[in-house]
Amino acid sequence: MPTVPEVSLHLADAVNRIHISPTMAVLMEAEKLKARGIDVADFGPGEPDFPTPEHIKRAAIRALDENRTKYTPTGGIAPLREAVCEWHAKNLGSAYQAKEVIVTSGGKLALFNAISALVNPGDEVLIAAPYWVSYPDIVKLPGGTPKFISTREDENFCLRAADVDKAITPKTRLLIANSPNNPTGAVIPQDEFARILEVCQRRGVWLLSDECYSHFVYGGAKPFSIASLPGAKDSVIIAGSLSKTFAMTGWRMGYALAPEPLIAAMIKVQSQTISNSTSIAQYAALEALRGPMDSVGVMLAEYERRRKRIIAGLRAIPGVTCTEPQGAFYAFPKVPARGGKGAGDSAQIARDLLEKEHVAVVPGDAFGAPGHLRISYATSLERIEEGLRRLTHYFTAA
Ligand code: PLP
């Protein structure tokens with residue numbers, strides 16, 4: 001018998017550079033407890049607890065009935081690319097044409113496509129910390145080097161143009177800005193954002209603006225896109241998502257807006273990965289963008305109520321400090337050690353909370369901010385009350 005060579009399990013360096021998403025890991029642990037019948041106060045998920053609006057679901061069913069189940073153009077069906085432009089112009093004040101849009105499977109793929117199209121091995125990508133968990137690993141996949149710019153809790157975690165200017169080196173290819181921010185809820189004030197854009201343009205650095213939470217801003221603030229500023233379009237890439245805005249996380253619908261040659265490069269990347277976003281989901285997205293927006297207002301009002309309650313509840317726990325999130329649906333408190341004294345080890349606290357109190361949170365370590373916990377308030381007021389009771393019990397235990 002000829003000997004069969006052993007298959008090597010030596011994985012590719014690119015895979016060894018990255019981690020499984022820590023937020024997904026928390027989700028899986030919480031699900032295991034729930035499967036055992038345990039009542040978990042779940043502050044883990046970064047997704048709306050609302051169902052996808054009926055009119056959007058019906059559009060998908062219609063698409064199925066009409067057999068819209070075949071491959072589509074890689075960049076998305078033509079009416080959807082048009083609809084993204086129209087919706088963005090109407091709600092966020094930009095002026096894009098269909099050829100400057102790519103429809104992707106979620107905002108995450110929009111980021112992946114943009115970074116794959118722009119970053120060479122050794123290029124540096126600036127990321128404001130605390131940051132969304134996936135940015136560093138998406139940058140590392142093509143061999144890029146993430147470089148972090150710290151933001152300060154006492155400045156509400158806002159990214160500052162002066163710090164961007166200082167962090168840029170000859171190797172810097174792009175800056176990722178995320179406003180409203182996951183995990184802090186920080187919203188970069190518009191004048192500061194304009195200064196950040198000015199720095200990027202002066203220093204020849206792309207500005208990749210992740211605007212997935214654009215429609216969840218509080219206190220009557222208006223959704224904002226950096227693309228609405230005069231002269232911005234040539235140097236910014238907008239990553240957008242229908243996941244949060246329309247409670248469509250499972251549909252995997254997102255988009256990017258960028259100058260045409262860059263969109264063409266992103267289409268090239270996407271043509272060798274997913275080919276196209278799911279056809280039926282694209283028709284649902286078309287309805288989301290062209291149909292009524294009432295459900296977005298309903299969700300925003302509910303998040304606003306929850307935000308008030310959770311921030312007050314967290315601040316009432318001895319030793320916990322918490323900035324007021326201006327957008328998205330996360331609180332990002334700094335937590336003490338159990339018993340309320342000294343600095344806490346947030347990774348240990350998150351494990352403890354799940355095990356002892358059955359409260360699911362994501363440790364700040366995952367976002368480059370040890371000492372903090374990310375608490376999603378995309379859950380009912382009733383569950384928030386229960387979770388706050390358990391958190392208070394944990395931190396005040398002797
Ligand atoms: N960007 C940020 C800041 C996020 O929080 C998320 C999801 O949690 C995404 C992008 C990706 O969302 P999706 O791929 O579901 O559109």
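Axes are lines fitted to C-alpha atoms, for helices over the stretch in contact, and angles run from 0 to 180 degrees between N-to-C directions. The model shown in every view is predicted, with local features requiring pLDDT of at least 70, side-chain atom pairs counted only at pLDDT 80 or more, and totals for chains, interfaces and linings using all residues. Residues are numbered from 1 along each chain as its sequence is written, and side-chain values use heavy atoms, with hydrogens and water left out.

**View 1. Packing of helix α4 on helix α10.** Helices (H or I, at least four residues) and strands (E, at least two) are DSSP runs, numbered from the N terminus. Helix α4 (residues 78–92) packs with helix α10 (residues 279–290) at an angle of about 25°, their axes lying 9 Å apart. This makes α4 roughly parallel to α10, a term for angles under 35 degrees. The contact (heavy atoms within 4.5 Å) involves residues of α4 including Pro79, Leu80 and Trp87, and residues of α10 including Ala285, Leu286 and Arg290.

View 2. Seven strands form an open sheet in the order β2-β8-β7-β6-β5-β3-β4, with mixed pairing, where two strands pair if DSSP finds at least two bridges between them. Strands β2 (101–104) and β4 (145–150) stand at the edges, each with a single partner strand, so one side of each is left without a neighbour in the sheet. On average, neighbouring strands of this sheet are turned by 20° against each other, direction ignored. Helix α9 (residues 260–271) packs on the sheet, where it touches β2, β6, β7 and β8 (254–257), and its direction makes about 25° with that of β2.

View 3. In strand β6 (residues 206–210), five of its five residues are buried, that is, under 20% relative accessible area with a 1.4 Å probe and protein chains only, whereas exposed means over 50% and partly exposed lies in between. Trp206, Leu208 and Asp210 are on one side of β6, and Leu207 and Ser209 are on the other. Five bridges join β6 to strand β5 (residues 172–178), which runs parallel to β6, and Leu208 is the bridge partner of Ile176. Four bridges join β6 to strand β7 (residues 236–241), again parallel, and Asp210 has Ala239 as its bridge partner in β7.

**View 4. Surroundings of Asn120.** Asn120 is found in the loop between α5 (107–118) and β3 (124–129), and counts as exposed because its relative accessibility is 51%. Leaving aside residues up to four places away in sequence, Asn120 touches Pro142, Gly143 and Gly144.

Terms used: Angles under 35 degrees count as roughly parallel, over 145 as roughly antiparallel, 65 to 115 as roughly perpendicular and the rest as oblique.
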